[in-house]
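Dear colleague,

Please find below the structure that I am handing over to you.

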There are 2 protein chains.
Amino acid sequence: MKKGAFTCGLDAALFVLGGKWKPLILFHLAHGTRRYGELRRAIGRVSDKVLIQQLKELQADGIVDRTDFGEIPPKVEYSLTAFGRTLGKALVPLCEWGTRNSSGVEAIMVRRKAREHRHAA
Amino acid sequence: MKKGAFTCGLDAALFVLGGKWKPLILFHLAHGTRRYGELRRAIGRVSDKVLIQQLKELQADGIVDRTDFGEIPPKVEYSLTAFGRTLGKALVPLCEWGTRNSSGVEAIMVRRKAREHRHAA
DNA sequence: CTGAATCCTTTTGGATACTG
DNA sequence: CAGTATCCAAAAGGATTCAG
């Protein structure tokens with residue numbers, strides 16, 4: 001490894017869970033194994049394409065496990081690998097921060113939308 | 001507040017630091033006040049436009065403070081607000097995860113590039 | 001039910017040149 | 001030094017449709 005690819009560990013972590021829905025996937029799988037449709041409904045408004053794509057990446061990256069029961073009708077379960085669980089744990093404080101400051105963050109969201117709106121005018 | 005805008009705190013936190021360089025900005029400012037050019041050099045390969053844009057958002061969101069000394073030549077300093085520091089702290093475990101698993105993450109990066117390359121062929 | 005394939009829109013980031 | 005303005009390329013996400 002000739003060069004440090006990342007300036008800090010944060011970069012490395014964010015590189016792994018870059019993708020709009022990955023953190024949410026981690027969050028839901030941290031609570032247990034989920035079937036595909038189950039996961040999709042839990043996350044809500046996300047397209048199959050994107051969900052599948054991100055699940056595949058997480059799988060290729062060794063974060064999630066995919067178990068295909070090879071049956072008809074199809075049944076596939078997703079869960080976290082041991083590695084994935086360590087990442088999930090590192091995510092907890094951030095999750096707690098968001099929970100503690102949820103009202104503050106929602107205020108931020110409102111202000112951002114207001115700014116965008118002004119800019120659109 | 002009729003609806004929970006976020007399914008979990010994680011979403012809220014990620015909403016705030018969404019943007020390629022924001023985590024890195026947090027990281028560098030967590031170690032102290034920085035002048036604009038200083039920050040830019042610390043981060044490395046980032047354009048003025050994007051850095052300024054993200055700094056402005058972080059400022060509008062109450063994460064960073066901007067102090068313009070109103071002098072010639074221009075001198076502007078950036079630092080974290082108290083709120084920003086709490087977010088910085090929540091980021092630490094993730095940073096540590098990345099550091100502990102840096103080699104693993106670099107391996108992931110290599111494999112991803114290999115996949116992209118294969119796909120390009 | 002799980003997922004692949006295609007097309008399309010939006011968003012994001014970057015290069016460059018210019019200003020007080 | 002610390003930005004601003006414009007233009008542009010790339011990537012990411014989403015809608016829809018189809019298949020085993």
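Which side chain meets that of Asp48(A) in a salt bridge? The partner is Arg40(A), with an N to O distance of 3.3 Å. A salt bridge here is a side-chain nitrogen of Lys or Arg within 4 Å of a carboxyl oxygen of Asp or Glu.

Please note that this is a predicted model, in which local features need pLDDT of at least 70 and side-chain atom pairs count only at pLDDT 80 or more, while totals for chains, interfaces and linings use all residues. Residues are numbered from 1 along each chain as its sequence is written, chains are lettered from A and ligands numbered from 1 in the order in which they are written, and side-chain values use heavy atoms, with hydrogens and water left out.

Asp48(A) is partly exposed because its relative accessibility is 39%, and Arg40(A) is likewise partly exposed, at 31%. (Buried means under 20% relative accessible area, exposed over 50% and partly exposed in between, with a 1.4 Å probe and protein chains only.) In chain B, Arg40(B) forms a salt bridge with Asp48(B), their closest N and O atoms being 3.4 Å apart. Arg40(B) is partly exposed at 32%, as is Asp48(B) at 39%.

A further salt bridge, 3.0 Å from N to O, links Arg115(A) and Asp61(B). Arg115(A) is partly exposed at 27%, whereas Asp61(B) is buried at 3%.

Finally, a network of salt bridges links Lys22(A), Glu57(A), Asp61(A), Arg112(B) and Arg115(B). Over all chains, the count comes to twelve salt bridges.

Yours sincerely
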